[in-house]
Amino acid sequence: MRATWVRIGYMATTTISDALRSALRQAGLALVVGAVVAALVGWLVQGGPGLWGALVGAATAGGFLLITAVVMLATVHAPPSTTAAAVLGSWLLKMVVLLLLLMALRDQQFMSKAVFGVVSAVALVGVLAVETRAVLKARVPYVDPSGGGAQGGSVERPEQP
């Protein structure tokens, strides 16, 4: 898809959809790079269990945050109440899946729990920081410069009695 750019004064702006796509793309790239680095460090520190702890930790934390961005992107043109319901519903589903995943991994010996915890925390903070930076750097106007409003810049005033 082609990005929609609008010129307002000297700043180029994007749509909300473009800002969310950019945040999702940048966060996904940061997650992949971070997972590779974490897997290498985990393998060097604790061997195979460190490698698996890093990969599972990065996938868990990154998936947790990226799903929210995908849900917001999917409901960007829906009414605010629909978007809020979708985000809340996805959060509840993620909590249930996370609880089940942690219960399933509790007694597993194939991964390092310490590496899993550290990588999960670092990945959560890192992905959230990248998403926040991408959204804050986006130039999304508060009003739609192309839609509605007074035509030709004139404002009608009510008649004086």
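**Close-up 1. Helices α1 and α2 are roughly antiparallel (an angle over 145 degrees) to each other.** The model is predicted: local features need pLDDT of at least 70, side-chain atom pairs count only at pLDDT 80 or more, and totals for chains, interfaces and linings use all residues. Residues are numbered from 1 along each chain as its sequence is written, and side-chain values use heavy atoms, without hydrogens and water. Helix α1 covers residues 16-74 and helix α2 residues 80-105; helices are DSSP runs (H or I, at least four residues), numbered from the N terminus. They pack at about 165 degrees, axes 9 Å apart. Axes are lines fitted to C-alpha atoms over the stretch in contact, and angles run from 0 to 180 degrees between N-to-C directions.

**Close-up 2. Contact (heavy atoms within 4.5 Å) joins α1 to α2.** From α1 come Val56, Thr60, Phe64, Ile67, Thr68, Val71 and Met72. Their partners in α2 include Ala86, Val87, Lys94 and Leu105. By class, this contact has eleven nonpolar, three polar and one charged residues. Nonpolar means Ala, Val, Leu, Ile, Met, Phe, Trp, Tyr, Cys and Pro; charged means Asp, Glu, Lys and Arg; the others, Gly among them, are polar.

**Close-up 3. Helix α1 has a kink at Gln46.** The kink is about 150 degrees and lies shortly before the proline Pro49. The bend is the angle between axes fitted to the seven residues ending there and the seven starting there.

**Close-up 4. Helix α3 (residues 113-137) packs on α1.** The angle is about 155 degrees, with the axes 10 Å apart. The two helices are therefore roughly antiparallel. Their contact has 22 nonpolar, nine polar and two charged residues.

Note on methods:
Angles under 35 degrees count as roughly parallel, over 145 as roughly antiparallel, 65 to 115 as roughly perpendicular and the rest as oblique.
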